[in-house]
Amino acid sequence: MVCRSTLVTLSLLTVLLAACSDDSGSGSSVELPESSASSSVPFVGGSPVVVTEVDPVNTTFKDHEGGDAGWVEFFNPSETPVNLAGLYLTDDLSQPRKWAFGNVPVPPQGFMVLFLSGKDLPDYEAPHDSADLIGHGCWTWTDSQNEPVAGESRADNLPGKSKICFAENGSQAFGSSMQYGVNEELGWTSISVFVGTGSSSKNDVLDISNANEILLTGFVTAGRKLSLRLAQPDVDDWLGWESVIEGTGDSNTTYTIALPQGTKLPDLENIYGTRFSPESNETKEVNMKVTSYIARNRGHEPHANFKLHHKGGSLYLMNEDGAIVDSVAYPAMPVGKTWSFGVSPAGAATYGFADPSPYGGAFSSVVYSERSPVVSDKMPPSGFYKEPFFVTFYTDEESNAHVRCREGGALPDASQPETMGLTVSSTTVLRCASFMPGKYPGDVETRTYVFEDQPTIASVFITANPLSLFDPDTGLYMDGPDAQAKEPHYGANYWSDRELPAFVELVEPGGSEPGFAKDAGFQIFGNYSRAREKKSVAIVFREKYGDKRLEYPLFPAYPELNKFKSFILRTGNFGMDYIHDDLASSLSEGLGVDYQRSRPAIVYYNGEYYGIQNIRERSNRYYFETHYGYDPDNIDLLKADNSASSGESSDYTELLDWMEMHPLDDDANYQYVASKIDIDNFINYQQTEIYANNRDWPSNNLKKWRVRNPASPWRWFLYDMDFGFGNDMSEYTNNIFEFAAAEDGEDWPNGPKSTFLFRKLLENKSFTNKFVNRMSALLSMNFEKSRVLARIEAMMDEISAEVGRDQKRWGHSASWMGKVLDGMKDFAEERPGVLYSEMQEFFNLDEIVSVTLSANGNGRVLVDGLPLDSPSLKINFFKGTPVTLSAEGIGGGIFAGWSDGVMEASRTILPEEIDALTATFK
């Protein structure tokens with residue numbers, strides 16, 4: 001707990017205690033919830049503490065586990081400490097002992113915060129087990145020291161310092177001025193400012209396993225992101241557990257970093273240092289000077305066994321006799337505000353809306369006990385209009401609501417002129433709110449009125465401060481002053497992962513108003529696509545903007561997907577085509593491989609037409625919440641290099657290490673691997689990438705995932721397949737199976753580490769046969785040319801009415817884009833034949849033979865575990881390669897035998913011995 005002594009005048013305390021003498025808790029004119037108090041529940045007063053702040057929608061203050069439950073702050077006005085043991089807290093007077101305080105000491109004229117999280121931790125636990133993480137072993141390394149090709153990144157000593165680590169004011173400190181440089185010949189960048197916990201030797205480790213957080217105090221350049229990775233002996237320091245902080249530019253800032261518990265990464269028992277560097281997407285200079293760097297166990301505040309009501313409620317502090325000793329009622333909160341005791345604009349002590357200030361902000365805060373009225377019911381909905389209309393906010397006979405509006409995307413404030421109403425006759429972005437003197441402003445209402453024909457596909461309106469987006473110097477969408485001349489213009493503003501507040505609306509085709517309209521975060525998204533004129537962006541929903549999740553069926557074809565943490569507006573292959581990645585990945589539909597669902601939309605920025613983009617899911621840990629209901633914090637999600645973007649990688653990397661030492665032609669070893677990974681899922685994933693001929697893979701654009709507890713098998717995720725499907729951006733044209741299993745490929749795109757799993761599994765003959773036969777089946781199913789061509793036509797038909805305007809807006813060549821589309825169709829026509837030829841070559845297979853497999857009745861046939869999606873399919877198998885067939889009843893069907901008289905549901909055939917086979921079900 002961090003407590004600050006607060007000097008409280010006697011008169012202010014008197015007002016405070018009087019304000020808490022009944023259930024209203026404030027005496028303000030804000031509409032508070034009706035009290036549930038019964039006349040039979042006495043109020044006796046005499047509480048040793050008073051409520052000074054209530055935060056039902058916590059957006060800033062984390063508990064010891066990183067949670068953000070609502071909280072209430074108590075103040076002890078006396079000159080002696082008090083303990084709250086023996087008191088109770090409830091939000092329902094029919095349950096006067098709903099939650100009991102344990103050992104909760106509150107210092108004299110000090111504060112205590114209680115989280116209402118449902119966790120039920122009755123005692124306060126003070127911080128303990130602190131450990132200094134600044135040792136005497138410090139060093140730096142950047143790519144400029146690489147040989148024989150040197151990079152241009154730098155990590156310089158701070159001015160006046162001869163070393164990275166130094167003594168200052170009697171304490172150890174460290175710092176550096178860092179910036180990534182770009183060297184195309186080298187092809188990668190690296191900065192490592194290493195601070196050991198001791199000597200920086202891997203053998204000189206510090207046990208911080210009792211700690212659950214790190215506190216870093218010092219200067220980090222404002223708005224710049226600094227990565228820190230904890231180093232442990234069994235993992236390369238650049239792959240250590242990572243946390244990223246964003247600088248404030250204030251040397252007195254303490255950055256709090258929560259540590260995971262019970263993991264192998266980080267291994268908190270064996271930490272020998274920390275590797276600091278600019279975050280991977282941070283291209284501008286990052287300066288840091290750290291004056292304190294410690295690990296500690298934070299302890300914890302008490303936690304009640306129930307939660308605060310977001311829409312307002314009451315809290316009652318009860319004594320042993322069931323009488324009320326203190327209470328407070330709080331209203332619904334504006335996002336980011338708390339119900340706090342402070343001073344009104346008129347100088348009166350009262351409760352009202354204020355900025356969150358746990359542990360000591362009361363008494364000095366300016367609070368607003370009343371709110372200006374809303375104006376939402378005065379404004380027509382966003383959408384597409386043909387005729388001018390008039391918006392009336394109030395008339396002379398009505399009370400003056402002091403409405404102020406601003407056009408163009410910026411938020412209104414009290415400096416704008418008042419308006420009683422206005423005429424809208426052309427495309428207009430309007431943001432309005434009520435600003436009554438002495439009251440907290442009303443919610444800002446945002447509308448986008450577009451005077452043009454409504455698109456035939458969904459429309460997305462993004463409203464944000466135009467200076468934040470498009471100012472030539474500071475706009476996130478712009479090059480800015482530090483952009484390098486050469487593409488992809490590293491150092492440009494759009495290479496920052498900075499998040500802006502925005503208002504996002506979606507209008508369905510034919511809709512007269514938005515399907516949803518939400519405040520959200522806005523980020524530039526992607527890699528090299530950032531340098532394009534039209535950029536991919538991510539829309540993120542956070543409690544600090546309003547809602548933690550978007551609850552809306554974003555994809556009409558998948559109505560069950562209706563809760564999203566974020567989504568992407570993706571540009572794809574800008575100027576080449578509109579469907580490349582979406583087409584390639586969605587061909588796996590029905591195969592159980594995870595991929596990003598998608599739909600096209602027309603995007604408008606502050607009312608300006610920006611053309612076609614694809615609404616896409618994000619391939620992060622929240623995807624699994626949307627699709628499976630999994631806790632995002634229980635997901636291990638790994639990148640191509642096996643580093644974790646969520647959770648940890650140790651289970652997967654340990655499996656690879658085991659496979660290095662165990663040949664998989666041994667069926668027992670193969671079965672062990674099959675218990676750790678979903679073999680069928682891996683095959684379906686691998687074959688989708690191979691069919692698409694993706695040559696920006698597998699050393700890139702590869703993800704695998706699992707549920708950590710209870711552990712599930714590892715599965716794979718398809719994303720970013722723009723290099724495939726006939727795209728000629730790659731110089732690699734060799735046999736795709738050879739490419740995917742290469743032992744000596746370049747680090748990119750197919751280095752040996754990334755092809756290892758496939759190569760090892762191919763050691764097992766049963767896996768190889770399964771892989772070959774399932775690819776043959778898929779070439780008659782998902783990858784069959786007429787199906788793929790039909791999918792191309794359907795995707796282009798959906799956007800056909802919008803393509804011309806988008807091409808004109810961005811200066812695209814319709815002729816060139818037509819040729820690219822024709823190339824994709826040619827690819828679909830030719831790909832099956834190419835794959836059969838390349839399979840024969842790589843796997844040394846015999847000639848092709850056709851077998852027709854059918855199901856008669858309520859059932860289906862499976863080829864080496866792959867269900868056929870049609871009652872009858874003609875499949876080209878390979879002579880001499882055994883095929884395992886299974887008959888499986890569906891919808892109550894019972895297997896009754898094969899057409900050749902065999903009664904076993906599972907059997908193995910040689911395809912050259914049979915040309916047709918039917919499984920019968922009854």
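Reply: The discussion below covers cavities, helix contacts and a few backbone features.

Me: What kind of model is it, and what limits apply?

Reply: This is a predicted model, in which local features need pLDDT of at least 70, side-chain atom pairs count only at pLDDT 80 or more, and totals for chains, interfaces and linings use all residues. Residues are numbered from 1 along each chain as its sequence is written, and side-chain values use heavy atoms, with hydrogens and water left out.

Me: How many cavities of 30 Å³ or more are there?

Reply: There are four. A cavity is a set of points, on a 1 Å grid over the protein atoms alone, where a 1.4 Å probe fits but cannot get out; lining residues have an atom within 4 Å of a point. Grid points are joined across faces, edges and corners, and a volume is the space filled by probe spheres set on the points.

Me: And the largest cavity, what lines it?

Reply: The largest cavity holds about 160 Å³ of space. It has 18 lining residues, and Y652, L702, K753, S754 and L757 are the closest to its centre.

Me: Which helix gives the most to that lining?

Reply: α10 does, with six residues. At least two lining residues come from each of α5 (650–661), α7 (679–692) and α10 (752–761). Helices here are DSSP runs (H or I, at least four residues) and strands are E runs of at least two, numbered from the N terminus.

Me: How does that lining divide by class?

Reply: The lining of the largest cavity has 12 nonpolar, four polar and two charged residues. Ala, Val, Leu, Ile, Met, Phe, Trp, Tyr, Cys and Pro count as nonpolar, Asp, Glu, Lys and Arg as charged, and the others, Gly among them, as polar.

Me: What about the second largest cavity, where is its centre?

Reply: K534, T571, D577, Y578 and I612 lie nearest its centre, among 13 lining residues. The volume of the second largest cavity is about 70 Å³. Strand β38 (residues 608–616) gives the most to this lining, with three residues. By class, the lining of the second largest cavity has four nonpolar, five polar and four charged residues.

Me: Back to the helices. At what angle do α5 and α10 pack?

Reply: The angle is about 50 degrees, and the axes are 11 Å apart. Axes are lines fitted to C-alpha atoms, for helices over the stretch in contact, and angles run from 0 to 180 degrees between N-to-C directions. α5 and α10 are therefore oblique to each other; angles under 35 degrees count as roughly parallel, over 145 as roughly antiparallel, 65 to 115 as roughly perpendicular and the rest as oblique.

Me: Which residues meet there?

Reply: Y652, L656, M659 and E660 of α5 meet F756, L757 and K760 of α10, where contact means heavy atoms within 4.5 Å. This contact of α5 with α10 comprises five nonpolar, no polar and two charged residues.

Me: And α7 against α10, what is the crossing angle?

Reply: The axes of α7 and α10 cross at roughly 120 degrees and come within 12 Å. On the α7 side the contact is made by I679, F682 and Q686, and on the α10 side by L757, F758 and L761.

Me: Changing topic, where are the cis peptide bonds?

Reply: One runs from W697 to P698, with omega near 5 degrees, and P698 lies in the loop between α7 and β41 (703–707). Another joins N709 and P710, with omega about -5 degrees; P710 is in the loop between β41 and β42 (715–718).

Terms used: 1 Å grid on protein atoms, 1.4 Å probe; cavity = no way out; pocket = protein on both sides within 12 Å on 5 of 7 lines; lining within 4 Å.
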